[in-house]
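Here's a quick briefing to read with the model open beside you. Have a look at the fold, then run through the notes below.

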Amino acid sequence: MRSVLVGAWIGGAALVSACGTDPEPVTVLCTDFRVGADLSDAEFGVGKALEPSYVAFAQAAGDLAATAAMTLREVGSSCRGLAVDLGADAKDGRLAGLVEPDLSKTWCAMAVERFALVRPKLEAAHYDVKVVLPRCAVDVDYQTTCEARCKTDASCVEASNEERCPVANREGLCPGLCTGTCQGAETAPAMCEGFCAGTCFGTCGDDDASRGTRCEQTCTGTCNAGCEARDGKGMQCDARCTGGCSAALVAAVCTADLLPPRCAGDVDCQRSCKASAAARASCSGGSFDVLVDPEARKDASLARVLGAMERHLPALFVAARGRAKLLSDDASDLVDSAGNILARTEEIGQKGAACGVLIGQTGDVASKSLKTAIDGAQKVAAVVADDPAP
């Protein structure tokens, strides 16, 4: 990506030098690109045909950079907090002179080291972690609005957001029959007349299971985890329904990338819109609990370890198992699109070339920050959960 951007910049520089010295050549600065800002009205000085793709690319780079900075900040802070709370020296010589992202990378490595030292004590207390990841939903409204500017046929009517969301990833309140999974929680159980993947409170099959039994047949009470229909016909669901509903979902979100648009358009523009939607994803809900023998919590030193885990690990698991999945593919696609967009040097112009260099530098920093944050979070999550990172 960097080599393409440099090539574009050289092309812009050649245009300036070809003008001679009369009038005097001027320095072209890019003041329209700002990380995290709305760039829909930005003027990049590119050709009209290229403008939708270029603006979408700039917006995606800015959005990813903002998300990468936030993720690195959260992961670095959590790794530092976990490492120090588990006994690491805040003035460890390995930290001297480091700046981001290397600073966060080192803190995460130290967190892994410190956890390895306390793990034997945790294992003696039969520890386990129970992680319910928050629902991370892409910003489908932004994506479809952005894609509308990429269309080559203005009369084409795009499929609805719900139609474009994979059925298994459609989630919301279902006013009809939930044909997928009805998801409750311990604090807000769902009414369930199907198979309960968690704990059923009520009648479980032919047996009375009024308090806390896993239903191997049918739960006719409430369920604190996924409730699935046995007959495939669906069930009434008073909690969040995932995977389809006989009526339109209320407060619907999509927990995966939208399916490709059916209206033809500039592919690089559409990729940039998709990357922005992933970068703007919102994550809500979720929980993190450390389970140990009840008596073990009376040990003061172990209680401090558990407290450190409960304070600092949630953010690391969100980065490792939540945002990582949404961002990785889209960030890679954006790099490919950048090469195609910035290779159109005859349409970029001087200002577009200058902005291309700035956007490229921003993307390079964002890529390193995001990779460092996710790698560090995954290493900590893997050692804590004794599970290789996905």
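Is helix 6 mostly covered or mostly open? Mostly covered: 11 of its 13 residues are buried, where buried means under 20% relative accessible area, exposed over 50% and partly exposed in between (1.4 Å probe, protein chains only). A heads-up: this is a predicted model, with local features needing pLDDT of at least 70, side-chain atom pairs counting only at pLDDT 80 or more, and totals for chains, interfaces and linings using all residues. Residues are numbered from 1 along each chain as its sequence is written, and side-chain values use heavy atoms, leaving out hydrogens and water.

**Helix 6**
- Helix 6 covers residues 267-279; helices (H or I, at least four residues) and strands (E, at least two) are DSSP runs, numbered from the N terminus.
- Its buried residues include Cys269, Cys273 and Lys274.
- At its start, a side-chain oxygen of aspartate 266 comes within 3.0 Å of the backbone nitrogen of aspartate 268.

**Disulfides**
- The whole structure has 13 disulfides, each a pair of cysteine sulfur atoms within 2.5 Å.
- One of them joins cysteine 79 to cysteine 108 (S to S 2.1 Å), linking helix 2 with helix 3 (residues 102-124) across 29 residues.
- Another joins cysteine 136 to cysteine 283; the torsion about its S-S bond is about 105°, so this disulfide is right-handed.
- Cysteine 136 is buried at 8% relative accessibility, while cysteine 283 is partly exposed at 27%.

**Serine 78**
- Serine 78 sits in helix 2 (residues 51-85) and counts as buried because its relative accessibility is 8%.

Definitions and conventions:
Expected span 1.5 Å × (residues − 1). Polar contact = N/O pair within 3.5 Å; in protein donor to acceptor, adjacent residues only side chain to side chain.
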